[in-house]
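Dear colleague,

I am handing over the structure below, together with some notes on what turned up when I went through it. Please have the sequence and the model open side by side as you read.

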Amino acid sequence: MRLFLEEGAKRPLTAPPAFESDGLPVLSPGGRSIAFTRRQLNTGSVCLLAVDSGRVQCLYGAGAPGGTAGQIGGIAWEADGKGLLYYDKSAMWRMALDGDRVQRVTQVMEGVFTDLTGDRQGRRLAFSKISSDFNIWRTTRDGKRSQKLIASNEEDSEPAFSPNGRQILFRSRRTGSFEIFVGDDDGAHTRQLTRFAGHLGSARWSPDSQWIAFDGYGSASEESAKYTNIYAISAAGGPLRRVHSGFGRQHCTGMVARWTVDLLFAVRWKPAGNLEGAVRGRGACAGGEIRHVRYDRIARRPIPLLHE
């Protein structure tokens, strides 16, 4: 669409076929061409519009060798007008041009470069990057005063105060993978409790604040790494114990740990057709069941260690 600034009028410059759309227009340094994308439902092309004649030529699409995946997220001209940089799916690409013909396309670098754009001198690029930082905060009951309690450069989440109120546990990815950490109730003196090196979560304290149970999978040292199991570890540290396992042989998809006064419950569920059906189950999830391990079995009669 061309916009005439003086009178505010608009005039279409392209007319895409039915069920297609044009977007992301970028004027070439010499002002003679406009690069843009032409998108269909699951594909896309890089196209050129000749400003003087209005001729449109789509240069590169999903069907071409090394062609686009239809997820173009930005275009930038090179300073001499003989090349384009564009972001597509998971990398930045360079398209060398000879007039309105493609000479070659090469990958510049992998990464996410949403809204890729460049200056007219061809010296700088800019793009959008979404980032998030999960921290743990403390607040008063009325919510009027909040204070950051635990923070790092990676995600810190899933906090839980111990029943005696003296400690707090949380999950953190500060070491590169999710692990369980424990600290004082004010967030001081935190220490790493597990070295699971997989995915874990839903950690829960035992009623006497002596044990912590959690679900996990994916540990490189675990025989049943591809299945979720329940683990327990002393709050003071020590060996990790697999409390309940073997569900994988029954194609179990997940478990979470729950405590009562003298029992550690392992809630298990099988596929219920869809997530909604699983969430609506009673007690456990739909199509699931509840297994339990006696609390005193952990504290007084040690269960097998992780590698036994």
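This is a predicted model: local features need pLDDT of at least 70, side-chain atom pairs count only at pLDDT 80 or more; totals for chains, interfaces and linings use all residues.

Residues are numbered from 1 along each chain as its sequence is written, and side-chain values use heavy atoms, with hydrogens and water left out.

**Overall make-up**

The protein has two helices and 25 strands, these being DSSP runs numbered from the N terminus (H or I of at least four residues for helices, E of at least two for strands). Of its 308 residues, 38% count as buried, where buried means under 20% relative accessible area, exposed means over 50%, and partly exposed lies in between (1.4 Å probe, protein chains only). The accessible surface comes to about 18200 Å², and 49% of that surface belongs to carbon and sulfur atoms; the areas come from the Shrake-Rupley method with a 1.4 Å probe, and for residues only the protein chains shown count as cover. Among the contacts with a separation of 6 or more, 32% are between residues 24 or more positions apart, a contact being heavy atoms within 4.5 Å.

Four strands form an open, antiparallel sheet in the order 15-16-17-18, where two strands pair if DSSP finds at least two bridges between them. Strand 15 and strand 18 are the edge strands, each pairing on one side only. Strand 17 and strand 18 run antiparallel and are joined by two bridges, and the bridge partner of valine 182 in strand 18 is arginine 191.

**Salt bridges**

How many salt bridges does a search of the whole structure find? The search finds eight, counting a side-chain nitrogen of Lys or Arg within 4 Å of a carboxyl oxygen of Asp or Glu.

One of them joins the side chains of arginine 94 and glutamate 78, with 2.5 Å from N to O. Arginine 94 lies in strand 9 (residues 91–98) and glutamate 78 in the loop between strand 7 (72–77) and strand 8 (83–88), so the pair ties together parts that are 16 residues apart in sequence. Arginine 94 counts as partly exposed, at 24% relative accessibility, while glutamate 78 counts as buried, at 18%.

Another salt bridge is formed by glutamate 155 and arginine 173, whose closest N and O atoms are 3.9 Å apart. This pair links distant parts of the chain, 18 residues apart, with glutamate 155 in the loop between strand 14 (146–150) and strand 15 (156–161) and arginine 173 in the loop between strand 16 (167–172) and strand 17 (179–184). Glutamate 155 is buried at 15% relative accessibility, and arginine 173 is partly exposed at 33%.

Aspartate 156 and arginine 174 also meet through their side chains in a salt bridge, at 2.9 Å from N to O. Here aspartate 156 is in strand 15 and arginine 174 in the loop between strand 16 and strand 17, 18 residues apart. Aspartate 156 is buried, with a relative accessible area of 1%, whereas arginine 174 is partly exposed, with 31%.

**Rings**

The count of aromatic pairs comes to six, taking rings of Phe, Tyr and Trp (its six-membered ring) with centres within 6.5 Å, and calling planes under 30 degrees apart stacked, over 60 edge-to-face and the rest tilted. Phenylalanine 170 and phenylalanine 181 form a stacked pair, at 5.6 Å centre to centre and with 15 degrees between the planes. Phenylalanine 170 lies in strand 16 and phenylalanine 181 in strand 17, so this pair ties together parts eleven residues apart in sequence, and both residues are buried. The rings of phenylalanine 196 and tyrosine 231 have centres 5.1 Å apart and planes at 65 degrees, so that pair is edge-to-face. Ring pairs also link Tyr87, Phe113 and Phe127 into a cluster.

Finally, the charged end of arginine 174 sits over the ring of phenylalanine 181, 5.0 Å from its centre, where the rule asks for NZ of Lys or CZ of Arg within 6 Å of the ring centre and within 35 degrees of the ring normal. Arginine 171 likewise lies over the face of phenylalanine 178, at 3.8 Å from the ring centre.
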